[in-house]
Amino acid sequence: MWQRIQTVYLLLAFILTVVCLCFPLGYFEPAAMGGNTVMYNLWNVMPDGTRDFGAVWPLFVLLLITCPLNLWAIISFKNRKFQVRLCTICVFLIFLWVCYGIGVVRGQNLGFESKFHPYYFNDLLPVLAFVFYMLARRGIIKDEKLVRSMDHIR
C-alpha cells in the first residue's frame with residue numbers, strides 16, 4: 001500500500017486539508033477604526049471575541065467531507081476504479097472550497113467595507129491538496145492501465 005506514490009500523495013493531501021481546517025485563513029481590516037475580524041474555516045472571530053458562524057461554515061463542511069473520503073481512498077487501494085472516483089470527488093470538493101472561499105471573501109469585503117488580508121500559506125493549502133489529489137488520480141489511472149496491459153499479455 002505505501003509503496004505506491006499515489007498513496008503518499010493522498011496522505012499529503014489529507015495532512016494539508018487537516019492543517020487548513022485548524023489555522024486561520026486571513027483577517028478583515030475595517031476601513032474605519034476598529035479591530036480586525038479573523039476568518040477561520042468554521043467561523044469569524046469578531047474584534048470583541050465573539051464567533052460569527054455566518055457564511056463561512058460551508059468552507060468547514062467541504063473540508064470535513066473531504067477528509068474521510070481521502071482516508072477511504074487510501075484504504076481502498078485494491079479497488080483502483082473506486083479510488084479514482086473518490087479522488088475525483090475530493091478534487092471537486094476542494095474546487096468548491098476555493099470558489100466558495102473567494103465568494104465569501106468578496107461578499108464579506110463588500111458587506112463590511114473592509115480589506116481582506118490573507119495568510120498566504122494557509123490559503124494555499126487547499127490548492128496544494130488539489131494538486132496532490134490530481135497527482136494521485138493520475139498515478140492511480142496509470143497503475144490501472146499498467147495492470148490492464150499486463151492482463152493482455154497473458
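This is a predicted model: local features need pLDDT of at least 70, side-chain atom pairs count only at pLDDT 80 or more; totals for chains, interfaces and linings use all residues.
Start by selecting Cys22: with a relative accessible area of 53%, cysteine 22 is exposed (exposed is over 50% relative accessible area, buried is under 20% and partly exposed is in between, using a 1.4 Å probe and protein chains only). Cysteine 22 sits in helix α1. Helices here are DSSP runs of H or I with at least four residues, strands are runs of E with at least two, and both are numbered from the N terminus.

Residues are numbered from 1 along each chain as its sequence is written, and side-chain values use heavy atoms, with hydrogens and water left out.

**The whole chain**

Zoom out and colour by secondary structure. Of the 154 residues, 38% count as buried. Contact means heavy atoms within 4.5 Å; among contacts with a separation of 6 or more, 63% are between residues 24 or more positions apart.

**Along α1**

Select α1, residues 5-22. This helix has 18 residues and spans 26 Å from first C-alpha to last, close to the 26 Å expected at 1.5 Å a residue (the expected span is 1.5 Å times one less than the number of residues). Its buried residues include Gln6, Leu10, Phe14 and Cys20.

Stop at Gln6, in helix α1. Is glutamine 6 buried or exposed? At 3% relative accessibility, it counts as buried. Show its side chain together with that of Asp143: the two make a polar contact at 2.6 Å. A polar contact is a pair of N or O atoms within 3.5 Å; within protein, one must be able to donate a hydrogen and the other to accept it, and residues adjacent in sequence count only if both atoms are side-chain atoms. Leaving aside neighbours within four places in sequence, glutamine 6 also touches Ala136, Gly139 and Ile140.

**Into the core**

Next, move to α2, residues 57-75, and pick Leu62. At 14% relative accessibility, leucine 62 counts as buried. Other buried residues of α2 include Leu59, Leu63 and Ile74. The helix itself has 19 residues and reaches 28 Å from first C-alpha to last, close to the 27 Å expected at 1.5 Å a residue.

Which residues does leucine 62 contact, beyond its neighbours within four places in sequence? They are Leu93, Leu96 and Trp97. The C-alpha atoms of leucine 62 and Trp97 are 6.3 Å apart, with the two residues 35 apart along the chain.

Centre on Trp97. Leaving aside neighbours within four places in sequence, tryptophan 97 is in contact with Cys20, Leu25, Asn41, Leu59, Leu62, Leu63 and Pro126. Trp97 is also among the residues with the most contacts inside the largest nonpolar core, along with Leu10, Met39 and Tyr133; this core has 34 residues. The elements giving it two or more residues are α1, α2, α3 (80-112) and α4 (120-153), and the largest share, 10 residues, comes from α3. A nonpolar core is a set of buried Ala, Val, Leu, Ile, Met, Phe, Trp, Tyr and Cys residues joined through side-chain atoms within 4.5 Å.

**Ring pairs**

Show the aromatic rings. Rings of Phe, Tyr and Trp (its six-membered ring) pair if their centres lie within 6.5 Å; planes under 30 degrees apart count as stacked, over 60 as edge-to-face and the rest as tilted. That gives four aromatic pairs. One is Trp72 with Phe82: the centres are 5.0 Å apart and the planes at 70°, so the pair is edge-to-face. It links tryptophan 72 in helix α2 to phenylalanine 82 in helix α3, 10 residues apart. Tryptophan 72 is partly exposed at 47% relative accessibility, and phenylalanine 82 is partly exposed at 22%. Then return to Tyr40, which ring pairs link with Trp43 and Phe53 into a cluster.

**Last stop: the cysteines**

Select the cysteine sulfurs. There are zero disulfides, a disulfide being a pair of cysteine sulfur atoms within 2.5 Å. For cysteine 90, the closest cysteine sulfur is that of cysteine 87, at 6.4 Å, too far for a bond. Cysteine 90 is buried at 1% relative accessibility, whereas cysteine 99 is partly exposed at 39%.
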